[in-house]
Amino acid sequence: MAKYRLDYIWLDGYSPVQNLRTKCTIKEFDEFPTLDQLPEWGFDGSSTKQAEGGDSDCILKPVALFPDPTRVHGILVMCEVMLPDGTPHPSNARATIADDEGTWFGFEQEYFLYQDGRPLGFPEEGYPEPQGLYYCGVGYSAVGDIGREISDIHLDYCLEAGINHEGINAEVAKGQWEFQIFGKGSKRAADEMWVARFLLQRLCEEYGLDVNYHCKPVKGDWNGSGMHCNFSTEYLRETGGKEYFLKLMDAFEENVEEHIAVYGPDNDQRLTGLHETQSIDKFSWGVADRGASIRVPHSFVKDDLYKGYLEDRRPNSQGCPYKIASRVIKTIQSVSV
Ligand code: ADP
Ligand code: MN
Ligand code: MN
Ligand code: MN
């Protein structure tokens, strides 16, 4: 028998952006436990906007587990929030995903590191050098010192936790970074994104920094932050074809409002038609077009096959990957093959 430290993680009931919450419990197991060995747990929903004070118990149902590389015998336990009767809580977007294992998602999370109410590297008054040399930049003037250290440590933590972190780049604005998470199965991909956000935020606590996920934290000629959503289904990867692709794009166009509704708040500040975006009220697709709503990679149209994955560029950095995946799958499923 050994004692394990279980950090249960869930999303609260704040709107429009849910926050990560966590609490820790110690349990004994013969060896590293499996998901079905982890008990359900409860919390006070009246403190997280998930219940009224008089009847405040909500249930934490473990749905994914990750070894915690930063704690002795630590395990990160991603949970869905359930009502006492065992049905999903209204804030539980994960439960709305019509999962199918053949769906793959790749999320590109952009974010700013923030200190003293401004992006890391911004002077107290005014602005740093205009954008230009920050994107994929090298050297202190471009990326400072702490930003790279944090994103590198975060990468190591994710890989050790079994999260499919796929890469890092310094982004277009000063103090702005990106990492990518890829998963086979939409729930798996979205779980990994939330736990990757958790690891990043907890790491930044040690530096006295916040992760600012707002999609346009700095007004003016500074890039906003997105969370491009790359997706494919088994049918898109193995069959595809131009006719199906055009039907799919029609369905995306018909559902513009439904998609934007779950693609993160304040997206009108970011989807302006400038800074490599399409404007919020328009829908377009284009091959290798970073100004389109959906960018079609060259590989997709190669030999006229229309096969592979697509990139929806509209979701923003505060978007919930459960809600985004759920909506994308819904639109795909509305199209007959
Ligand atoms: P860019 O910045 O040019 O848009 P990135 O390399 O940052 O490109 O992101 C590409 C994303 O596409 C990655 O997250 C990757 O995992 C994802 N991706 C690649 N192939 C597939 C696929 N078949 N299905 C879904 N996502 C995919
Ligand atoms: Mn990218
Ligand atoms: Mn990017
Ligand atoms: Mn992208």
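**Manganese sites around Glu-108**

I began with Glu-108, which is buried at a relative accessible area of 15%; buried means under 20% relative accessible area, with a 1.4 Å probe and protein chains only. I note that the model is predicted, that local features need pLDDT of at least 70 and side-chain atom pairs pLDDT 80 or more, while totals for chains, interfaces and linings use all residues, and that side-chain values use heavy atoms, without hydrogens and water. Residues are numbered from 1 along each chain as its sequence is written, with chains lettered from A and ligands numbered from 1 in written order.

Next I looked up the manganese ion (ligand 4). Its protein donors are Glu-108 (OE), Glu-108 (OE), His-228 (ND1) and Glu-311 (OE), at 1.9 to 2.4 Å. I took donors as N, O and S atoms within 2.8 Å of the metal (3.2 Å for Na, K and Ca); water is not among the atoms, so sites may look incomplete. Along the chain the donor spacing reads E-x119-H-x82-E. Glu-108 sits in strand S6 (residues 104-115) and His-228 in strand S11 (residues 227-232), so this pair ties together parts 120 residues apart in sequence. Strands are DSSP runs of E, at least two residues, numbered from the N terminus. His-228 is buried, with a relative accessible area of 9%.

I then followed the bridges. Glu-108 bridges the manganese ions ligand 4 and ligand 2, which lie 4.0 Å apart. For ligand 2 I found Glu-108 (OE) and Glu-178 (OE) coordinating at 2.1 to 2.3 Å. Glu-178 is in strand S9 (residues 176-184) and Glu-108 in strand S6, so the pair ties together parts 70 residues apart in sequence. Glu-178 also coordinates the manganese ion (ligand 3), 3.8 Å from ligand 2. Both Glu-108 and Glu-178 are buried.

Definitions and conventions
Helices (H or I, at least four residues) and strands (E, at least two) are DSSP runs, numbered from the N terminus. Buried means under 20% relative accessible area, exposed over 50%, partly exposed in between (1.4 Å probe, protein chains only).
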